[in-house]
Amino acid sequence: MKGIRWRYTRLPSQAEDTVSGKESEDEEEEAAPAPPPEDPVEPQLAEAGQVLGASEIRQLSLHLPSRVTGHPWRLAFSTSRDGFSLRNLYRQMEGRSGPVLLVLRDQDGQIFGAFSSAALRLSKGFYGTGETFLFSFSPRLKVFKWTGHNSFFVKGDLDSLMMGSGSGQFGLWLDGDLYHGGSHPCATFNNEVLARQEQFCIKQLEAWVLS
């Protein structure tokens, strides 16, 4: 019996082998810890804007599709430079295919806007993809993503620009002179009213191409 007990204590069991192997793996993992996650890439603006500050840009960048990460932001249109005209906005978008970040400040100082998966243009119907979203700083950032309920992302007429729709209401719409606008809850994004009031006057508007 003593001989058997001596042989048993000298030979490790299968369970002991497993535990020993796990301990070795743990020791190796502790010796080579995983690198910390990388910080988000800060967007690079080709020129300074007048609507978004550094904090707003940083917050918005976290919600943009990964395909635009690392691409410079180029100011394609600005009311302070190109005037209050929707036709001028469309004109500045000609030849561009990349996604667009539309930002504006109204008469109350509220900042809000939309991300469009494609350049803004005249269209007979709605276009875009589920990457499109609406947002508002009130004062913290609120992002309203696509619900999947419908595909009424963006529609451009000569006298208005509309983003999101449902039951005859638009999540965001701008008139032809880019001075008056409106915002209502809509099925496309299940959004809140982006401004403090459903009807607003635009003080500044910018369109950034992210490609």
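This is a predicted model: local features need pLDDT of at least 70, side-chain atom pairs count only at pLDDT 80 or more; totals for chains, interfaces and linings use all residues.

Visitor: Why is Arg67 called partly exposed?

Guide: Its relative accessible area is 42%.

Visitor: What makes Glu131 and Arg67 a salt bridge?

Guide: The rule asks for a Lys or Arg side-chain nitrogen within 4 Å of an Asp or Glu carboxyl oxygen. The closest N and O atoms of Glu131 and Arg67 are 2.7 Å apart, so the pair qualifies. The two residues are 64 apart in the chain, with Glu131 in the loop between strand 3 and strand 4 and Arg67 in the loop between helix 3 and strand 1.

Visitor: And why does Glu131 count as partly exposed?

Guide: Glu131 has 27% relative accessibility, so it counts as partly exposed.

Visitor: How do you know that Glu192 and Lys142 form a salt bridge?

Guide: Their closest N and O atoms are 3.1 Å apart, and the limit is 4 Å, so they pass. This pair also links distant parts of the chain: Lys142 is in strand 5, Glu192 in the loop between strand 9 and strand 10, 50 residues apart. Glu192, at 40%, is partly exposed, and so is Lys142, at 35%.

Visitor: Which residues are joined into one network by shared partners?

Guide: Glu47, Arg81 and Asp82.

Note on methods:
Residues are numbered from 1 along each chain as its sequence is written. Side-chain values use heavy atoms; hydrogens and water are left out. Helices (H or I, at least four residues) and strands (E, at least two) are DSSP runs, numbered from the N terminus. Buried means under 20% relative accessible area, exposed over 50%, partly exposed in between (1.4 Å probe, protein chains only).
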